[in-house]
Amino acid sequence: MKRRRRHALDLLPLLDVFMVVLFVFATIQEGQLDASAHSAAQLQAELQRLRAQQVDPGELARLQQAEAAATSAAEAARAELARAGEAQRELQSALERLRATAEQAAATATTPGDEVLRRQEVLARLLDHFSVFEIEVDGELVGDDVVNHCCYRTEPLAGAWRSCGTVPAAGAELQDWLAEGGAGLVDALRRTRGGNAMTIVRQNERATWRVARKLEEQLRERFPEHKIYGEGVATHSLACPR
């Protein structure tokens with residue numbers, strides 16, 4: 001029985017990615033808060049204008065309900081932003097500590113066992129807040145044709161690799177393949193932790209040239225809320241389940 005060769009998670013590139021993701025999501029949340037507060041302010045101004053004009057009580061009551069809902073939404077967004085800010089500061093501090101340790105270990109080419117465990121613990125905390133998907137395209141020469149086997153996992157630290165069939169090399173066929181669900185890949189990518197997600201796509205040298213790049217571009221169109229990163233040709237061995 002053929003066993004998959006596991007590869008170690010490269011921490012330093014992931015740290016850079018997480019720092020960018022933290023900043024992006026904080027910016028999005030601030031934008032949502034600004035929009036909610038602006039909507040509440042507009043409704044409040046409209047209410048004051050209508051009260052001055054002594055308009056229909058029914059219309060005034062409707063606007064009062066809308067203003068109360070907008071104010072509640074703004075308060076909820078403000079509270080969520082505060083919680084997100086606290087989590088962001090905590091995670092950023094953990095990332096900075098982890099980066100310093102990882103760089104020191106890389107410089108000395110030594111990583112004590114307890115330090116490895118600490119890194120895993122910090123990274124696990126990060127993964128509680130963000131979904132990280134890995135997609136690999138493993139090429140296989142069958143006769144004169146290349147078959148691009150697809151696999152993915154949703155838990156980088158310990159998740160099992162799952163097959164997503166074969167990835168078509170042609171752009172139009174790839175688009176149709178994703179429209180039909182990508183052999184389970186599309187549904188898997190929809191299961192995020194509150195929409196906070198990043199997806200890493202890679203292929204090996206045996207796969208069709210730039211097929212991972214085509215997949216990456218298609219996924220960006222289908223999942224604009226994901227932060228998608230293409231790693232190009234992997235330096236480690238791939239072996240997607242057949």
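**Exercise 1. Are C150 and C164 buried or exposed, and what kind of bond do they form?**

Solution. 
- Step 1: Start with accessibility. In this predicted model, C150 is buried, and C164 is buried too. The cut-off to apply here is under 20% relative accessible area.
- Step 2: Check the sulfur atoms. They sit 1.8 Å apart, and the two cysteines form a disulfide.
- Step 3: Get the handedness. The torsion about the S-S bond is -75°, and the link of C150 and C164 is left-handed.

**Exercise 2. Which residue does C151 join through a disulfide, and which parts of the chain does that pair tie together?**

Solution. 
- Step 1: Look for the partner of C151. That's C240, at an S to S distance of 2.1 Å.
- Step 2: C151 is in strand β2, while C240 is in the segment after β5, so the link ties together parts that are 89 residues apart in sequence.
- Step 3: Do the torsion again. About the S-S bond of C151 and C240 you get -60°, a left-handed link.
- Step 4: Check burial. C151 and C240 are both buried.
- Step 5: Searching the whole structure gives two disulfides. With the bonded cysteines numbered in sequence order, the pairing reads 1-3, 2-4.

**Exercise 3. What is the strand order of the open sheet, and which strands are at its edges?**

Solution. 
- Step 1: Begin with the chain as a whole. It has six helices and five strands, in the pattern α-α-α-β-β-β-α-α-β-α-β.
- Step 2: Walk across the sheet. The five strands line up as β3-β2-β1-β4-β5, and the pairing is mixed.
- Step 3: Find the strands that pair on one side only. Those are β3 (162–166) and β5 (227–233), the edge strands.
- Step 4: Zoom in on β2 (residues 145–153) and β3. They run antiparallel and are joined by three bridges. For H149, the bridge partner in β3 is T166.

**Exercise 4. Which strands does helix α6 lie across, and which residues does R222 contact beyond its sequence neighbours?**

Solution. 
- Step 1: Helix α6 (residues 211–222) lies across β1 (131–142), β2, β4 (197–203) and β5. Its angle to β4 is about 160°.
- Step 2: Pick R222, which is found in α6. With a relative accessible area of 36%, R222 is partly exposed.
- Step 3: R222 is then in contact with Q175, L178 and A179.
- Step 4: Compare sequence and space for one of these. R222 and L178 are 44 residues apart in sequence, and 8.9 Å apart C-alpha to C-alpha.

**Exercise 5. What lies over the face of W209, and how many aromatic pairs are there?**

Solution. 
- Step 1: Check for a charge over the ring. R210 lies over the face of W209, 5.2 Å from the ring centre.
- Step 2: Count ring pairs, using centres within 6.5 Å. The tally is zero aromatic pairs.

Key. Residues numbered from 1 in each chain as written. Predicted model: local features only at pLDDT ≥ 70, side-chain atom pairs only at ≥ 80, totals over all residues. Heavy atoms only, no water. Pairing = 2+ DSSP bridges. Helix = DSSP H or I, 4+ residues; strand = E, 2+ residues; numbered from the N terminus. Contact = heavy atoms within 4.5 Å. Axes fitted to C-alpha atoms, helices over the stretch in contact; angles between N-to-C directions. Phe/Tyr/Trp six-rings, centres within 6.5 Å; stacked < 30°, edge-to-face > 60°. Lys NZ or Arg CZ within 6 Å of the ring centre and 35° of its normal. Disulfide = S-S within 2.5 Å. Buried < 20%, exposed > 50% of the residue type's maximum accessible area, 1.4 Å probe, protein only. Lists of a residue's contacts leave out its neighbours within four places in sequence.
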